[in-house]
Each structure stands twice: as structure tokens, then as C-alpha cells.
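Open the model in your viewer and keep the selection panel at hand. The stops below follow one after another.

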Amino acid sequence: MELPVLQPEEHVLSTLEHDGSRRWIYPKLSKGVFWQYRRVVAYVLVAVYALLPFVEIGGKPAILLDLAAREFTFFGFTFLPTDTLLLAIFIVTLFLIIFFATAVAGRVWCGWACPQTVYMEFVFRPIERLFMGTAGRGLKPRQAVAPWRIAAMYAVYLVICLHLSNMFLAYFVGVDNLHRWIWTSTPFEHPAPFAIVAFITGLMMFDFCYWREQLCIIGCPYGRFQSVMLDRSSCIIGYDERRGEPRGRGRDREAKQLGNCVDCHLCVDVCPTGIDIRNGLQLECIGCAQCVDICDEVMDKTNQPRGLIRYSSQQALDGEPTKLVRPRTIIYLVAITALIGVFVTVLTNKVPFDVTLFRGGGGSYQTSESGAIENVLRVKLVNREKTDAVYRFNVEVPADATIVEGDTSAPVAPGATAMHVVRISAPREVFRGGKTELELRIVNESNQLAIERFFLLGPY
Ligand code: SF4
Ligand code: SF4
């Protein structure tokens, strides 16, 4: 018996056919104003990505995420796992900046700066159009393409993906290591990095050859969050329905009382995610402005004003005033400014070494023959610099406390961690309720100072 199954009237998703198969998108190319600007931005970003691992600031790589050594260098500053406060502030600030940018400018990141869009639209798609014979105009290849062209295209893709994944690895191991591994050793000597490069190359090939717009539509979490981050005042790419409708073809538009949209379907043909922006803002729209460019071209040809599809806001498209300043943008801005302030303050007051105090073994405290109370502490020192360092320490508080056993200075090798044991003696009278506060003062040879606080244990 045949089950009654509802048949969709047309494809449910822009890239899905009735039968569930993938509808391949071959977007037409519009070389309008926004495309020209986006191309400049894209090639600058490609150059930045390729060159950044080679740039050094203050003798350190501009960016190095050294997972093995657990050191993260950003523009001259090296962060260690102990910098959790800075890392937390950095991550929260980054998220707030994304929220703020999206609330104000919509999907500007997706359309202009996301690596997926940049490489897909300005590296891989142009190569595809070159080999498929549609360079400069896009759309589906008209005749059967010679197999050598397809093979050559994938060969070029592979070389680019290999290069990109090697550059990606350089952000984690540094260009010097990468260069040495590539030119002076075999993959068997360094199987892990080799496997990482092979895996990332495979992922990129899968993405740029096959997955493409599906990453934006179903794979990217940022894309899915859009609906909560945008509001009616956010900048979006929108179709001016009041101006465009009723759409229709033909001359004598006034007599027929037609709107500005000539229903040429070109805004759909250029869309890399295959949607029709005339149906309103959709989750699939990555804000690439290709529909703006092509529609402006159509408006020019039909002697109508540009901007039927344009950067605007839902409020403006509905004929209401757009509010740039609104509670969510103010809250985001205040929070971002405050967090950046805290980050800069913590960073600039940070000394190039870390100190952590631990209680030593052998009981909580001892009483000396003179009646003083002694605590054994372990001082963990991390030298964050690239040179040898010697740290001196003394007790600031309580006033009469001293280090009676263990050196009062400790050398630590560059980037190394050392554990130093000291015995601290304090007068019995300073203890209240079984403890007293300790302030240990640690200075390096440059007189940079850290004060570590701890509790000494003693009698009640
Ligand atoms: S490109 Fe412009 S005129 Fe053509 S269908 Fe789209 S909105 Fe209408
Ligand atoms: S609707 Fe326009 S801006 Fe959005 S993805 Fe399609 S072409 Fe780009």
C-alpha cells in the first residue's frame, strides 16, 4: 500500500532538491563595487595569513601557539597556562566584540573576512571558473569539460590546500621547525606533524571541493546564532519590498503599475548559498553583497535608481528610523571597554615570572627551641623570559619573620620552572586563630617585583 507522503511544492532548502539530493550551486559572478572592495580585503587577508608566521615582534613570532611547550605568543606577549585570568578576559572580550559587530553590522564577518568565504570566493571559485571555462562570469559550465581540465583543477586545489595546511601548522610549531621538517627530514621522523598536515589538507579538500556553502548553512555555529544576535536595527542585506513589488517583466512599467523588480532572477543566480533575498532575510544569507552588485547593474540598465537590494536594516526597509544606539549596543560597548581596560592593566603590570607558594611537607608548623613558629614553604618559580634569571626573595609581612633555612635567591633557566624550599620563622605573638598572613617579596635582576600572599600556620 502506498503511504500518503506530503510532497514539497518546491525545494525546501536552497541547496536541496525534492528527492533529497544536493542541488549544486554554480553562482554567476557580478563584479560590482562591493565585489571589488571585498576582493581587496580578501587578498590582504590571504597575504596576512601567509606572512604572519614569518613576522617577529620583539624577537618572538607575531603569533605562535606552542601547544607542546604550553606557550601562546601574540604580538610580542607570551601567555602561559598560568595566565588563566588574561585568557578568560581575552576570550570573553572576543565573544563580546563578535556580538557587538553582529548587532551593528550583521554578517559582515561572514561576507568579508571569514576564511571560508575568502578562500572559497576569491581563491578556489576563480580557479574552478578558470578550468571550467566560466571565468569572469560564473554559472554552470555549458559543455562537457575535458577530463584533463578537471584533473588539473583538483591538482591545483591540492597544492593550495597543502600550502595552507603547512601555514596552519606554522602557527603552532614556528616557521623554522616547519622549514627544517620539510627540507631536512622524512615524514617518518616527524609522523605527528606530517599526519596533522595530511589530515588538514584532506579536510580542506573536502570543504572546498565538496562541502562548500553547506559549511555556512549547516556547519558553522556562528551562522546558526545569527537570529539571536541580530535585531531589527542591525545592518543586513535586504530587498526593498515596498519599492520592488509587484515585480514583473516588461516595459511600460508605470502603466502596468509594476515595482522596480524586473524579476530577472539574477540576484538568485549570483547567490553563493542559492537563496532568493526577495523572500526576506534568511539564515543562509552570508552577507556577500553579490545580489546588491548585480541588482544595481540591473537597475542601471533599466534606468531605475540603485539600491533595490542594499545594505540596510529591517527597520529602514519597513520605512522606520534605524536606531544605531540601542540598549544592546551600549551594553556590549561598555562591557568591551571595561574588559579591555582590565586586560591592559593586568598585562602591563605583569612581571616576566610567575610565583606560586605551596605548603611544604612534614606537618603544619614546628616550634623552634627559641619558641618561634616555623613553616616550610615551597616556592614555585616560572621564568617566562628567554634569558637566565635570578630571583631574590624576602619576607615583608609579618615584620619580624625571616627565612631561616634555604637560599634567599634562586636561579632559573630561560622558560624553565624551579621549585625552591624555604623555612620561615615568625614570632609566636603574630599568630591569631592559628594563622597569620605572609607576604613574600620576589624580585628579579631588573628589580621587577611580585608580592605573593599566603598564610603561615601557628598555635591558636
Ligand atoms: S536582481 Fe533585482 S531586479 Fe533582478 S530579480 Fe533580483 S531584485 Fe529583482
Ligand atoms: S542573499 Fe545576497 S548577500 Fe545573501 S548570500 Fe545571497 S548573494 Fe550574498
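Start at ligand 2. Select the 14 residues around this ligand; Cys271, Ile277, Cys285, Cys288 and Cys291 come nearest. Here a residue is near a molecule if its C-beta atom, placed from the backbone, lies within 6 Å of it. By class, the shell around ligand 2 holds 11 nonpolar, 3 polar and no charged residues.

A note on the model: it is predicted, local features need pLDDT of at least 70, side-chain atom pairs count only at pLDDT 80 or more, and totals for chains, interfaces and linings use all residues. Residues are numbered from 1 along each chain as its sequence is written, while chains are lettered from A and ligands numbered from 1 in the order in which they are written.

Next, ligand 1. Its surroundings comprise 16 residues, with Cys261, Cys264, Leu266, Cys267 and Cys295 closest. Helix 13 gives the largest share, 3 residues. The shell around ligand 1 divides into 11 nonpolar, 2 polar and 3 charged residues.

Now colour by domain. Domain 1 is 33-82 + 114-226, domain 2 is 231-317 and domain 3 is 353-457; the bounds come from an automatic or database domain assignment. The centres of domain 1 and domain 3, taken over C-alpha atoms, are 49 Å apart.

Finish on Val292. Leaving aside neighbours within four places in sequence, Val292 is in contact (C-beta atoms, placed from the backbone, within 7 Å) with Phe34, Ile237, Ile309, Arg310 and Tyr311.

Conventions:
Ala, Val, Leu, Ile, Met, Phe, Trp, Tyr, Cys and Pro count as nonpolar, Asp, Glu, Lys and Arg as charged, and the others, Gly among them, as polar. Two residues are in contact if their C-beta atoms, placed from the backbone, lie within 7 Å. Helices (H or I, at least four residues) and strands (E, at least two) are DSSP runs, numbered from the N terminus.
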